Amino acid sequence: MIIAGIGTLANVEVVLLNGGMPVGLPPLGTYEALHVLSGAQRVFYEPVAEHTLGSALGDVLPLGAAGNWTMLSVGDVLLMVGVCIWVVGAMTVNRPRMGS
């Protein structure tokens, strides 16, 4: 759970530094990228700019295929890896066998 905790702290840190999660523009055209950052999502997300602090910790890792992109942060990846390690560990705990 330490890895998941580090991922969570990385996400919280960059949000606190910037007042929202900085997000890099996905490999889309400008119109689509602006649409992604419009409406209710714009309250929490902000585009990466020159003044962005810790932009490398923001949502800058594109994941997906043409027309269906999502952006991940380093913290998101660490959080997912940490949770996966925890789940695998919980599934492989030595338990007494029935009838033994």
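Visitor: Leaving aside neighbours within four places in sequence, which residues is D76 in contact with?
Guide: This is a predicted model, where local features need pLDDT of at least 70, side-chain atom pairs count only at pLDDT 80 or more, and totals for chains, interfaces and linings use all residues. Residues are numbered from 1 along each chain as its sequence is written, and side-chain values use heavy atoms, with hydrogens and water left out. Contact here means heavy atoms within 4.5 Å. With neighbours up to four places away set aside, D76 touches N11, D59 and M71.

Visitor: Is D76 buried or exposed?
Guide: D76 sits in helix α3, a DSSP run of H or I with at least four residues, numbered from the N terminus. Buried means under 20% relative accessible area, exposed over 50%, and partly exposed in between (1.4 Å probe, protein chains only). D76 comes in at 19%, so the label is buried.

Visitor: Which side chain does the side chain of D76 join in a polar contact of 3.0 Å?
Guide: A polar contact is a pair of N or O atoms within 3.5 Å; within protein, one must be able to donate a hydrogen and the other to accept it, and residues adjacent in sequence count only if both atoms are side-chain atoms. For D76, the 3.0 Å partner is N11.

Visitor: How far apart in space are L53 and E13, C-alpha to C-alpha?
Guide: L53 lies in the loop between β2 and β3, and is partly exposed at 44% relative accessible area. In sequence, L53 and E13 are 40 residues apart; in space, their C-alpha separation is 9.9 Å.

Terms used: Helices (H or I, at least four residues) and strands (E, at least two) are DSSP runs, numbered from the N terminus.
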